[in-house]
Amino acid sequence: MESKLYKIEVVVDLIKQGKLLSLAADERLLSQLPKGNWVAGTIPYFMGVEKGLFSQDLIFVNELTNLDNEFIIKEYNEKNIHEIANDSFENGYTILIIPPFQEVHKDFALKSQEIDALYDNPILGWVAGMDLNSSDVPKTFNGQTGKSSEQNAISVHVKLPKDKAARLEIVNIFKQDTNGIEIQPLEDGFEISDCLINGENTNFAKYITDNNIDIKPPLTTNYSGAIINVSFKNIDVDNNKVELYAPVFKDAVYRLSIPVDNYAADFEKSIPKINVPVEFACNCILNYLYGELEGKRIENFTGPITFGEIAYTLLNQTMVYLVIE
Amino acid sequence: MENIPPKDRPEWKSLLNPDNNIELNNFVLQMKITQAKKDIKKGKKTIENAVDEIYSLCLKYALAVKQDMDMVFNN
């Protein structure tokens, strides 16, 4: 079944048929759905089949590959999120949807790399969101109970047969400015005050302001060739700190990234040729906004436009996708 | 898996050397090796444990890591 936006009547039918679904939509639609085998998060921004769009009338549906007909839907909070990898099947994958700025969000972001067996199976997903011109509160939904939550993350662990493997990949169009400054945070967290810039103790907020640095492109760090982004949220000049949408870690070196002129074109160039269907994909709201992706198409990679992406850990300004081979 | 070299090849430990800044292509391998280097540095893991885990990961994703295996082992 094609991963795309559907009318609520179609989604209700799919739920009644017992399909295993990962859904994304406005809360007003999700709250009307019957109980069933589904998980969801709130968001009204999507990369549709034809274009990027805002919709509060349609629901994005990923029907999940469930060849062994074995899955577990489970909620997580800050007390049990560290169990997530151990809860997964020996072979399979986990989709995780987290509400933003809650304890589970912070805890997962800061401590995911300490989770036991984190890399044994793909753990991917997204951070729920809302209409940016509203006072809506992002939520997650557990289809089995029919209940929503502002605090809890929701996940579905899916088992795969031994002859199948789920593979998680990212597409990051940002490149590190390797000729620019090196930034070393002095502590782990969602903000940077003082840090080392090229080895010298410097206030990062003052440095950015004094040097008129564009904060639309993210900070980046290099994980053995994978460029991991951390997006800027705000420069708090009064309190001399830089606020971020994902954490930085004191044992990592960060660099600024090179600004992108044409997001849609760069995505097209960066997307690998794959010969199996994409099981799940999501892309970042900052790419959607800064890249003006509304009305533009990214072929084969439909999905929610999110307030953060999960690919074993919390990422920003990145497209995440899963294939089953 | 025929394209995953034996675990006793020295390149496995070399991959985990903190001074080895090799750039890999497969995402989970990139993440796993970076985390393993940090864990070894902090004393949370021995290099032998880390090699065991990375070897198992490569067996599971033999097809996906083939390009990286060819590069690391000069095939």
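Chain B contains four helices and zero strands, where helices are DSSP runs of H or I of at least four residues and strands are runs of E of at least two, numbered from the N terminus, and its pattern along the sequence reads α-α-α-α. Chain A, in turn, has seven helices and 27 strands. This is a predicted model, in which local features need pLDDT of at least 70 and side-chain atom pairs count only at pLDDT 80 or more, while totals for chains, interfaces and linings use all residues. Residues are numbered from 1 along each chain as its sequence is written, and chains are lettered from A and ligands numbered from 1 in the order in which they are written.

**Chain B**
- The radius of gyration of chain B is 11 Å, which agrees with the value near 11 Å that a compact globule of 75 residues would have; the radius is taken over C-alpha atoms, and the globule rule is 2.2 Å times the number of residues to the power 0.38.
- Taken along the principal axes, the box filled by the C-alpha atoms of chain B is roughly 35 × 20 × 20 Å.
- Of the 75 residues in chain B, 32% are buried, a term that requires 20 or more other C-beta atoms, placed from the backbone, within 10 Å of the residue's own.
- Among contacts in chain B between residues at least 6 apart in sequence, 63% join residues at least 24 apart, two residues being in contact if their C-beta atoms, placed from the backbone, lie within 7 Å.

**Chain A**
- For 325 residues a compact globule would have a radius of gyration near 20 Å, and the 19 Å of chain A agrees with this.
- The C-alpha trace of chain A spans about 60 × 40 × 40 Å along its principal axes, and 48% of its 325 residues are buried.
- Of the contacts in chain A with a separation of 6 or more, 75% are between residues 24 or more positions apart.

- Apart from neighbours within four places in sequence, the contacts of I98(A) include V104(A), F108(A), A153(A) and I310(A).

**Contact between the chains**
- The contact draws 14 residues from chain A and 18 residues from chain B.
- Strand β13 (residues 166–171) of chain A gives four residues, the largest share of the side of chain A that touches chain B.

Technical notes. A residue is buried if 20 or more other C-beta atoms lie within 10 Å of its own, exposed if 12 or fewer, and partly exposed in between; C-beta atoms are placed from the backbone.
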